[in-house]
Amino acid sequence: MEINIRQKNDFTVVELIGNFDTRTAIDVQSELTALIEKGNKRLVINMETVEYISSSGLRVLLYTAKQLIAATGELRLCCLNDTVQEVFSISGFNTILNVYGTEAEALTG
Amino acid sequence: MYTDGVTEAMDAEKKLFSEERLTVFFEKMDCGTPEVMVDNTVQVVKDYEGTEQADDITVLALKYLREPATAEGFSEALTVKNDIRAIDTVNQVFTSLAEKHHISRDVCRKVNLVFDELLSNIITYAYDDENEHEIDIKIDLTEERLTVTISDDGVPFNPYASAVPDTALSIEKREMGGLGVHLVRSVMDEVSYKRRIDRNVVTLVKLRNA
């Protein structure tokens, strides 16, 4: 898993490249926690190149969203492929997380 | 298949019909239906023997019906160790098979997800010792369906017996328990569990045109 981080508008954009599963969840978790600890409270996670997400990945997103709520920050997600969207709707994550179609929408919405 | 009444049938001069004669006869015979092959064989032995039949003349012919042609099908088996890195190995093997056999991208991602959920469960929870264990995986593809079987020698565990999580709760109340198996059940068309002697056997089916 490759994790690219850039600042755009008032957001920190985190681009995940690879699968978001048991093997990669720990790396993503520690990267996101480090960002939040450094004061980045408005995060956009761009999942354009994430082929699939498993429950390990969902766990990281839920934990991060809860951390950001506690820190009065915000988590936004964008660019989910059809399979990831289906997993979001099966798990109910589409109703508890903020999902946008494109990165531009996530940054301005 | 035949009884010795065939090869040991004797003519008027007490000469055996013999395996050699039978072989020559088979080589010359037009292979029609099994019935025709049997009838022709019995007839040639009777003609050889003349009027007096000394023993029973029993002949059985079988027609081998091949498996229906599966031009785009395959069957693949692999065995991995109970090491978390095995998930990547299995998913890489599956992804390249999926590309080769034109399995849709969506189905491929779902099966990758299923492998991640089920293999991580097995590797993390199935063993009450520190030993190396083998997990067997079988992938079968036909025109209609993709079948994946995962078997392990861990403690008896039926993943589908767990409760379905409440996916309608608010973010504050959401917990993660049971979500992985819920995903597996939802993205596959059929799931089943069997305890077979000392192994857990999980079977998953994805219909290709569903």
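**Pockets, ring pairs and a hairpin in a predicted model**

Modeller: In the second largest pocket of this predicted model, α4(B) gives the most to the lining, with six residues.

Colleague: Which elements supply at least two residues each to the lining of that second largest pocket?

Modeller: They are α1 of chain A together with α4 (86-100) and α5 of chain B. The lining comprises 20 residues, and those nearest the centre of the pocket are A:N19, A:E51, B:N91, B:T95 and B:N112. The space in this second largest pocket is about 340 Å³.

Colleague: What makes up the lining of the second largest pocket by class?

Modeller: Five residues are nonpolar, eight are polar and seven are charged.

Colleague: How many aromatic pairs are found over all chains?

Modeller: A search of the whole structure finds four. One of them is formed by A:F88 and A:F93.

Colleague: Why is the pair of A:F88 and A:F93 called edge-to-face?

Modeller: The centres of the two rings are 6.2 Å apart, and a pair requires centres within 6.5 Å. The angle between the planes is 75°, and planes over 60 degrees apart count as edge-to-face; the term therefore applies to A:F88 and A:F93. Both residues are buried.

Colleague: What makes the pair of B:F25 and B:F26 tilted?

Modeller: For B:F25 and B:F26 the angle between the planes is 40°, at 5.9 Å centre to centre. Under 30 degrees a pair would count as stacked, and over 60 as edge-to-face.

Colleague: Why is B:F26 called partly exposed?

Modeller: The relative accessible area of B:F26 is 33%. Buried means under 20% and exposed means over 50%; 33% lies in between, so B:F26 is partly exposed.

Colleague: How do you know that β4 of chain B pairs with β5(B)?

Modeller: Seven bridges join β4 (residues 190-196) to β5(B). Pairing requires at least two bridges, so the two strands pair. They run antiparallel, and B:S192 stands opposite B:T203 in β5(B). In their hairpin, which has two residues between the strands, B:I197 takes a positive phi near 55°.

Notes: Residues numbered from 1 in each chain as written. Chains lettered and ligands numbered in written order. Predicted model: local features only at pLDDT ≥ 70, side-chain atom pairs only at ≥ 80, totals over all residues. Heavy atoms only, no water. 1 Å grid on protein atoms, 1.4 Å probe; cavity = no way out; pocket = protein on both sides within 12 Å on 5 of 7 lines; lining within 4 Å. Points joined across faces, edges and corners; volume = space filled by probe spheres on them. Helix = DSSP H or I, 4+ residues; strand = E, 2+ residues; numbered from the N terminus. Nonpolar A, V, L, I, M, F, W, Y, C, P; charged D, E, K, R; others polar. Phe/Tyr/Trp six-rings, centres within 6.5 Å; stacked < 30°, edge-to-face > 60°. Buried < 20%, exposed > 50% of the residue type's maximum accessible area, 1.4 Å probe, protein only.
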